[in-house]
Amino acid sequence: MKLGYACINMTLQAAGGITTNRGMRQKTFNERGLPYVSELALQNCRDLVNIIKWNEEMGIKLFRMSSDLFPWMTFYEFEQLPDYPMIDVYLKNIGALAEKYGQRLTFHPSHFNALGSPNPVVVEKTIKELNAHSKIMDMIGLSTTVYNKINIHIAGAYGDKQATLKRWIDNYHRLDLNTQTRLTVENDDKANMYSVKELYKNISEQCGVPIVFDYYHHKFCTGGLSEQEALELAAKTWPKGIVPCTHYSESRRKEHLDESIRAQAHSDLIGGTIQTYGLDIDVVIEAKHKELAVLNYKN
């Protein structure tokens, strides 16, 4: 089982300002343009190399890359960036290191990516952004499979779940092929949203997209399944030979003994045990303290 974390390495950020989340407001983007975008993207890619090396030293084999790697990335072609030749070198180095170390690299674009939205503008932006994520993975040299997943939520019911799910599938087929073959979908943390059972019947059985099982989300949206049943059902949707990826977090409310904290909020660290029920799975620990939570859990 590979254990990992998402996007930010708190240790490296505190010690040396190493981060892959450098970005800017749209006003700054409009004023400073591609030269500044290129400068930030180059720094982000260089620091991703450092994070991957650090992860290897710590025995961490799974990492969710930041979607902020390239600021405002749907507003230009990567090749337009003045520093693209050096950026390309760093990205290829990232891919070589990931292969050498046996590290699994993934993406989880924001909740604004809504393939099922009834708004065509939102859908077009989503398609463009998901394809851009996939192109980054291509530049790194990652597999065009869900081993290197691009994970999203359905992102809304819009008053009619069945109509939304149909739009989602229709728009899924509009994605670039390399994006389709990397896409996964995740169960939600609200009772009126999408459970593993609903995703299995309406997404995976219809177009073959695997389900990323989120342990904590399942507590709020069970679909009538136990944790074990939901995990096993989600695992069934993954292609043979690729270890299913899951998400694990715990209650911040319970951790801090504070009932005023939102029920779905994630804890700083992990105090329980990740139950695999005998399955071979990889786990992104979605705790506030990032890599510190992973190391604490491993210890």
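Glu 79 is partly exposed at 42% relative accessibility (buried is under 20% relative accessible area, exposed over 50%, partly exposed in between; 1.4 Å probe, protein chains only). This is a predicted model: local features need pLDDT of at least 70, side-chain atom pairs count only at pLDDT 80 or more, and totals for chains, interfaces and linings use all residues. Residues are numbered from 1 along each chain as its sequence is written, and side-chain values use heavy atoms, leaving out hydrogens and water.

Glu 79 forms a salt bridge with Lys 135, with the closest N and O atoms 3.1 Å apart (a side-chain nitrogen of Lys or Arg within 4 Å of a carboxyl oxygen of Asp or Glu). Lys 135 lies in helix α4 (residues 120-140) and Glu 79 in the loop between β2 (62-64) and α3 (84-101), so the pair ties together parts 56 residues apart in sequence. Helices (H or I, at least four residues) and strands (E, at least two) are DSSP runs, numbered from the N terminus. Lys 135 is partly exposed, at 25%.

## Other salt bridges

The structure holds 15 salt bridges. One joins Asp 170 and Lys 166 at 2.9 Å, N to O. Both sit in helix α5 (residues 161-172), four residues apart, about one helical turn. Another pairs Asp 189 with Lys 190 at 3.6 Å. Asp 189 is buried, at 14%; Lys 190 is partly exposed, at 41%.

## Nonpolar core

The largest nonpolar core has 82 residues (buried Ala, Val, Leu, Ile, Met, Phe, Trp, Tyr and Cys residues joined through side-chain atoms within 4.5 Å). Phe 70, Trp 168 and Ile 203 touch the most other members. Helix α2 (residues 26-57) gives the largest share, 12 residues.
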